[in-house]
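Hi everyone, thanks for coming.

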Amino acid sequence: MRELIMTTRRQTLGLLAAAALLPIAPRFAFSAAPLSNVANAGYYRFRFGNFEVTALSDGTMALPMAKIYQNEPIDALQRKLDENFLGKEPHISINAYLVNDGERLVLIDAGTGTLFGPAAGKLIQHLETSGYRADQVDAVILTHIHADHSGGLTVDGKPQLPKATIHVADREYRFWIDREGLTSVTEEVGKDLQRAHDALAPYIATGKVARFADDADPLPNFGSILRPGHTPGHSSIVLKANDGQRLVFWGDVIHGDYVQFDEPDVFVTFDVDGTAAAATRALALADAADGRYLVAGAHLPFPGIGHVARDTTLYRFIPWNYVE
């Protein structure tokens, strides 16, 4: 037994001595794996009641949001962005949503196409990565006709969703296509009008644009809520599951996920009528918090799905818990 103990001690001392020499021992270099150039998948799929929903990223845009937000001093706005680690040019998501209801494939908004450069315009690519093809889309429901929601319909005069009928609120169509109610046109609005025309022109020419009335159902299983201000016919789209659940695709009720939840009266330079957009936002936030339904925001951080809850400062966005 004494010999066994002595042997064990010698082994321990030997190991300690070897460990002490490790810092001066020769080191063998192993190269790291090369950086991957595989892009993010750009989609997130989930089941909602009897539906399959796929969130699709069109990309993100780095934007000087403290300058884009209005109705509060720029320094105060930048301070709020900094407090949330967003910096001077936060990346704002551009999201669209694909719904398979068992009878048709319905796309909510259509991304930017080529209008905003290589940082965006990824919707078709991500749609195909998700397992579908652009020529399988039966219908597109637009929340509104701004270029980051309709630009992906048409590229260089060619429809990108050739099978689809485009559904849009009647008052939205009348403003952007018929130019109803326009008394003066700024350079920026003129650009938006031309982009709206170019996006819809091939579908209008083939009779593939359908208009729906305020708060009407564009398609079976889909409702709408007129949310004017950002544009005259801006509408949230409601997916109605067979178990009574609702998922409300907000469109542009919110830009980003911090400032406007606490201060709905802060609007953006993109709003056609900022005061009306602020009033609409206050109603939409209260309704979502009271109704406890899921919302999907076109410019909330991808995939942009979650709930609205009241808190001590007014509201907050709670991202939906991830489920495989």
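I'll start with the whole chain and then stop at a few residues.

First, some ground rules. This is a predicted model, so local features need a pLDDT of at least 70, side-chain atom pairs count only at pLDDT 80 or more, and totals for chains, interfaces and linings use all residues. Residues are numbered from 1 along each chain as its sequence is written, and side-chain values use heavy atoms, with hydrogens and water left out.

Okay, the big picture. The protein chain has nine helices and 17 strands; those are DSSP runs numbered from the N terminus, with helices being H or I of at least four residues and strands E of at least two. What about the radius of gyration of the protein chain? The value is 26 Å, while a compact globule of 324 residues would have one near 20 Å. That radius is taken over C-alpha atoms, and the globule rule is 2.2 Å times the number of residues to the power 0.38. Along the principal axes, the C-alpha atoms fill a box of roughly 100 × 45 × 45 Å.

Of the 324 residues, 45% are buried. Buried means under 20% relative accessible area, exposed means over 50%, and partly exposed is in between, with a 1.4 Å probe and protein chains only. For contacts in the chain with a separation of 6 or more, 68% come from residues 24 or more positions apart; contact here means heavy atoms within 4.5 Å.

Now let's zoom in on threonine 54, in strand E2, residues 51-62. Is threonine 54 buried or exposed? Threonine 54 counts as buried because its relative accessibility is 0%. Its side chain makes a polar contact with the side chain of arginine 45, at 2.8 Å. A polar contact is a pair of N or O atoms within 3.5 Å; within protein, one must be able to donate a hydrogen and the other to accept it, and residues adjacent in sequence count only if both atoms are side-chain atoms. Not counting residues up to four places away in sequence, threonine 54 touches several others, including Tyr43, Ala96 and Ser130.

Next, helix H3. Ala76, Leu77, Gln78 and Leu81 are buried in H3. What do the buried residues of H3 pack against? They pack against helix H2 (65-68), strand E3 (69-70) and helix H8 (259-262).

Just after H3, phenylalanine 85 takes a positive phi of about 60°. Asparagine 84 is in the loop between helix H3 (74-83) and strand E4 (91-100). Asparagine 84 counts as partly exposed because its relative accessibility is 25%. A polar atom of the asparagine 84 side chain lies 2.9 Å from the backbone oxygen of lysine 80.

Here's a pair to find on screen: asparagine 84 and arginine 227 are 143 residues apart along the chain, and their C-alpha atoms are separated by 28 Å. Arg227 also turns up beside threonine 280, which touches Arg227 and Pro228 once neighbours within four places in sequence are left aside. Threonine 280 sits in helix H9, residues 274-291, and is buried because its relative accessible area is 11%.

Last stop: threonine 114, in the loop between strand E5 (105-108) and helix H4 (123-129). Threonine 114 counts as exposed because its relative accessibility is 55%.
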